[in-house]
Amino acid sequence: MEILESYKRATSDHIDRFCIPIQFNGEVIGRLRPVTFESLQNEEEMRKLAEWRRASAEWFTTQFSVSEVGTREWIREQVLHAQDRILFFVDDPSLTPIGQVGLCHYDEQKKECEFDNLLRGEKGQFANLIIPALIALGLWSIKVLDIQQGYLQVLANNFRAIHIYQKLGFQEVKRTPLVKRVEGKVVRWVPATDPATVATERHLVTMVIERKIFENLYKQGR
């Protein structure tokens with residue numbers, strides 16, 4: 001867990017050494033830059049994170065009114081103070097953040113993690129930068145965290161995302177029925193306790209990928 005903490009504590013003076021290059025066909029086309037404690041003071045970056053989350057709200061199992069204040073609080077408490085989680089900005093060749101990708105539920109004993117918060121917030125020089133960004137994160141998780149297996153969760157009606165994950169080598173292993181719960185101004189889609197008796201409206205797909213798949217994807221993209 002100390003490894004993740006060191007990335008999140010990085011300062012702007014030394015951030016380059018904590019960035020992960022994004023490569024395609026042997027060319028560096030961007031980088032993954034960790035969201036750090038210092039990022040909390042960057043108004044523009046907090047604005048971007050809130051804007052991206054707001055625009056992609058329908059693809060999350062928890063939906064609420066997104067604000068910059070709430071986003072900063074989420075970054076501080078749920079990402080930076082979480083020992084098993086890290087979030088990266090996806091920077092294009094001009095070092096402009098155009099999206100985000102992260103991992104959570106890192107299990108040091110099982111050598112597995114969940115890839116999450118994969119969002120393209122803006123169009124950059126490379127239209128599909130988010131895909132090699134995920135490959136770069138996967139390779140980093142192997143080299144630095146010794147991950148043997150990764151997984152992700154995606155709503156079943158997010159057909160475009162599922163198609164991309166399948167092409168990368170992720171395989172569906174579980175489909176969980178979800179029911180809607182409204183808590184004030186927050187809408188949550190939670191696992192149905194008894195799918196046989198409750199009408200389910202959505203499903204959450206769990207997909208896994210093995211270490212060797214990420215290694216092969218990296219070799220193909222070099």
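**Exercise 1.** Find the residues that Thr176 contacts, leaving aside its neighbours within four places in sequence, and decide whether Thr176 is buried or exposed.

Step 1. This is a predicted model. In it, Thr176 belongs to strand β8.
Step 2. Beyond its neighbours within four places in sequence, Thr176 is in contact with Pro191, Arg202, His203 and Leu204.
Step 3. The relative accessible area of Thr176 is 18%, and buried means under 20%, so Thr176 is buried.
Step 4. One of these contacts, Arg202, also has its charged end over the ring of Trp189, at 4.9 Å from the ring centre.

**Exercise 2.** Determine how β8 pairs with β9, and which residue stands opposite Val179.

Step 1. Strand β8 covers residues 171-183 and strand β9 residues 186-191.
Step 2. The two run antiparallel and are joined by six bridges.
Step 3. In β9, the residue opposite Val179 is Val190.

**Exercise 3.** Describe β5, its two hairpins and the residues with positive phi.

Step 1. Strand β5 spans residues 97-107, and nine of its eleven residues are buried, so β5 is largely enclosed by the rest of the structure.
Step 2. β4 and β5 run antiparallel, with six bridges between them. Val90 is opposite Gly99 in β5.
Step 3. The hairpin of β4 and β5 has five residues between the strands. In this loop lies Leu95, which has a positive phi of about 70 degrees although it is not a glycine. Leu95 counts as partly exposed because its relative accessibility is 47%.
Step 4. Asp107 stands opposite Glu112 in β6.
Step 5. This hairpin has four residues between its strands, and Lys111 in the turn has a positive phi of about 60 degrees.
Step 6. His105 is within strand β5 itself. Its phi is near 50 degrees, again a positive value in a residue other than glycine. With 44% relative accessibility, His105 counts as partly exposed.

**Exercise 4.** Locate Phe88 in the largest nonpolar core and classify its ring pair with Trp140.

Step 1. The largest nonpolar core has 44 residues, and those touching the most other members are Leu32, Phe88, Val90, Leu103, Phe115, Trp140 and Phe170. Helix α4 (residues 130-145) gives the largest share of this core, nine residues. A second, separate core has 13 residues, among them Phe60, Ile75, Val79 and Leu80.
Step 2. Phe88 is buried, at 0% relative accessible area, and Trp140 counts as buried at 7% relative accessibility.
Step 3. Not counting residues up to four places away in sequence, Phe88 touches a set including Tyr7, Phe18, Leu32, Gln100, Leu137 and Trp140.
Step 4. The structure holds eight aromatic pairs. In the pair of Phe88 and Trp140, the ring centres are 5.6 Å apart and the planes stand at 75 degrees; planes over 60 degrees apart count as edge-to-face, so this pair is edge-to-face.
Step 5. Phe88 is in strand β4 (residues 86-91) and Trp140 in helix α4, 52 residues apart, so the pair links distant parts of the chain.
Step 6. Together with Tyr7 and Phe18, Phe88 and Trp140 form one aromatic cluster.

How values were computed:
Residues are numbered from 1 along each chain as its sequence is written. This is a predicted model: local features need pLDDT of at least 70, side-chain atom pairs count only at pLDDT 80 or more; totals for chains, interfaces and linings use all residues. Side-chain values use heavy atoms; hydrogens and water are left out. A nonpolar core is a set of buried Ala, Val, Leu, Ile, Met, Phe, Trp, Tyr and Cys residues joined through side-chain atoms within 4.5 Å. Buried means under 20% relative accessible area, exposed over 50%, partly exposed in between (1.4 Å probe, protein chains only). Contact means heavy atoms within 4.5 Å. Rings of Phe, Tyr and Trp (its six-membered ring) pair if their centres lie within 6.5 Å; planes under 30 degrees apart count as stacked, over 60 as edge-to-face and the rest as tilted. A charge sits over a ring if NZ of Lys or CZ of Arg is within 6 Å of the ring centre and within 35 degrees of the ring normal. Two strands pair if DSSP finds at least two bridges between them.
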